[in-house]
Amino acid sequence: MRKNSINAQLWQSKLEEARRKNREKQRKYRESGHAAQAFKERYALLKSKGLCVRCGKEDADKGRVLCWRCRLNDRDRRIGVKIEGQDTEGWARKREKARQQMLKFHARRKV
Ligand SMILES: [Zn+2]
């Protein structure tokens, strides 16, 4: 038992170390400006191809940079923020209704 817990501790500390290194790496990458540049390039490339700039898989909707799926997720998030201290049930119902309509519409289109 004791050996196990020592192993677990060791594993934990290794994990922490790896996480710390990873965070450090991400920070450096962010600060170097490469990330922003890469993001801009990807954005421009996907937009020029008419693909969704977020997932890069689905076609973007006409006149938009996101596909319907990402727009739906986006809206979910926005509504989620709105929900706090408000009519949660009403919002949830509206959201579910919109989602079902969207899924139905796109399921029909796909086939
Ligand atoms: Zn998308």
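A: Helices (H or I, at least four residues) and strands (E, at least two) are DSSP runs, numbered from the N terminus. Residues are numbered from 1 along each chain as its sequence is written. This is a predicted model, in which local features need pLDDT of at least 70 and side-chain atom pairs count only at pLDDT 80 or more, while totals for chains, interfaces and linings use all residues.

For the protein chain the mean pLDDT is 82, with 84% of its residues reaching 70 or more. Where pLDDT is low, the predicted coordinates should not be read in detail.

From its first C-alpha to its last, α2, with 16 residues, reaches 22 Å, close to the 22 Å expected at 1.5 Å a residue (the expected span is 1.5 Å times one less than the number of residues). After α2 comes Gly50, whose phi is positive, near 75°.

As for burial, a residue is buried if 20 or more other C-beta atoms lie within 10 Å of its own, exposed if 12 or fewer, and partly exposed in between, with C-beta atoms placed from the backbone. The number of buried residues among the 16 of α2 is zero, so α2 lies largely in the open; in the protein chain, 4% of the 111 residues count as buried.

Within helix α2 one finds Tyr43, which counts as partly exposed because it has 13 C-beta neighbours inside 10 Å. Between Tyr43 and Gly56, which are 13 residues apart in sequence, the C-alpha to C-alpha distance is 9.2 Å.

Conventions:
pLDDT = per-residue confidence, 0-100.
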